[in-house]
Structures are given as C-alpha cells and as structure tokens.
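Biologist: I am new to this structure and would like to go through it by question and answer. Please show it first.

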Amino acid sequence: MHLPKLSIPTLLAATVLSAGCQSTASAPTGFSEAPNACNAEAVRNLIGKTATPALLEEAKSRSGADTARILGPNDIVTLEYDSRRLNINTDAGMTIERISCG
C-alpha cells in the first residue's frame with residue numbers, strides 16, 4: 001500500500017484539528033475528575049483566619065489536596081500548575097486572603 005507524503009504544516013494542522021474532536025464529557029455524578037483532586041471550596045471558611053502550620057495541614061486534609069502551601073505577598077512561587085495542590089494566600093500579617101487550587 002502506498003501512502004502519500006504529508007508536509008510538516010499539513011501534519012501539524014491535522015493534529016491541531018483532531019484535538020478539537022476530543023471528548024470533554026465530565027465524570028459521572030459522584031466521581032471526581034481525578035483522584036486526590038483539590039477542592040478549595042471545602043475550605044473557603046478559613047479565609048480571614050491566621051495561617052499556621054496546623055491550619056495548613058487541616059486545610060490540606062479537608063480539601064483533599066496532595067500538597068499545600070502558604071504564600072505571602074512577597075513570596076517567590078513556581079508557576080507550574082498542579083491541580084492537586086492547595087494554595088493559601090495571605091497578607092503580610094499571615095491573614096488568609098484567598099484559597100485556590102493549582
């Protein structure tokens with residue numbers, strides 16, 4: 001069988017177009033999208049409290065996150081996204097201002 005030769009741009013275009021055909025169906029009800037997925041909504045009530053190591057562990061456990069970190073206003077952070085990580089953002093006085101996953 002003879003297959004036609006395809007150019008790199010043609011292969012790239014076909015790859016990009018076929019990606020649009022991927023299913024985006026959500027997981028069945030009652031199942032999370034990924035094991036150990038982080039759920040920031042489960043710990044929103046901690047906003048306004050003082051971040052401590054004990055509170056960090058509690059938040060990590062309640063959110064279902066694999067890892068958790070406290071981020072101050074001047075902290076240097078890595079930019080890679082990790083859906084299983086809980087981020088607790090604080091002000092300079094360690095008061096929790098925002099909680100998110102990523």
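**Overall picture**

Modeller: Of the 102 residues in the chain, 24% are buried, where buried means under 20% relative accessible area, exposed over 50% and partly exposed in between (1.4 Å probe, protein chains only). This is a predicted model, in which local features need pLDDT of at least 70 and side-chain atom pairs count only at pLDDT 80 or more, while totals for chains, interfaces and linings use all residues. Residues are numbered from 1 along each chain as its sequence is written, and side-chain values use heavy atoms, with hydrogens and water left out.

Biologist: What pattern does the chain follow, read along the sequence?

Modeller: Helices (H or I, at least four residues) and strands (E, at least two) are DSSP runs, numbered from the N terminus. The chain has two helices and three strands. Read along the sequence, the pattern is α-α-β-β-β.

Biologist: How much of the accessible surface of the chain belongs to carbon and sulfur atoms?

Modeller: Accessible areas come from the Shrake-Rupley method with a 1.4 Å probe; for residues, only the protein chains shown count as cover. The surface of the chain comes to about 7400 Å². The part that belongs to carbon and sulfur atoms is 59%.

Biologist: Why do the buried residues of α2 lie on the same side of the helix?

Modeller: The buried residues of α2 are Leu55, Leu56, Ala59 and Ser63. They lie on the same side because the arc they cover around the axis, taken from the directions from the helix axis to the C-beta atoms, is only 105°.

Biologist: Which residues are exposed on the other side of α2?

Modeller: The buried residues of α2 have a cover that includes β1 (67-71), β2 and β3. On the other side of the helix, the exposed residues are Pro53, Ala54 and Ser61.

Biologist: What phi does Gly64 take?

Modeller: Gly64 is in the loop between α2 and β1 and is partly exposed, at 31% relative accessibility. Its C-alpha atom is separated by 9.1 Å from that of Arg85, 21 residues apart along the chain. Just after α2, Gly64 takes a positive phi of about 80°.

Biologist: Which residues does the disulfide join?

Modeller: A disulfide is a covalent bond between the sulfur atoms of two cysteines. Here it is taken as a pair of cysteine sulfur atoms within 2.5 Å, and a search of the whole structure finds one. At an S to S distance of 2.0 Å, the joined residues are Cys38 and Cys101.

Biologist: How many residues apart in sequence are the parts that the pair ties together?

Modeller: Cys38 lies in the loop between α1 (8-19) and α2, whereas Cys101 lies in strand β3. The pair therefore ties together parts whose separation in sequence is 63 residues.

Biologist: Is the disulfide left-handed or right-handed?

Modeller: Cys38 is buried, at 15% relative accessibility, while Cys101 is partly exposed, with a relative accessible area of 22%. The torsion about their S-S bond is about -70°, so the disulfide is left-handed.

Biologist: Which residues does Cys38 touch, not counting residues up to four places away in sequence?

Modeller: Contact means heavy atoms within 4.5 Å. By that rule, Cys38 touches Ser63, Ala65, Ser83, Arg84, Arg85, Leu86 and Cys101.

Biologist: With which side chain does the side chain of Asn87 make a polar contact?

Modeller: Asn87 is in strand β2 (residues 85-90) and counts as buried at 6% relative accessibility. A polar contact is a pair of N or O atoms within 3.5 Å; within protein, one must be able to donate a hydrogen and the other to accept it, and residues adjacent in sequence count only if both atoms are side-chain atoms. The side chain of Asn87 reaches the backbone oxygen of Gly102 at 3.2 Å. At 2.6 Å, its side-chain partner is Arg69.
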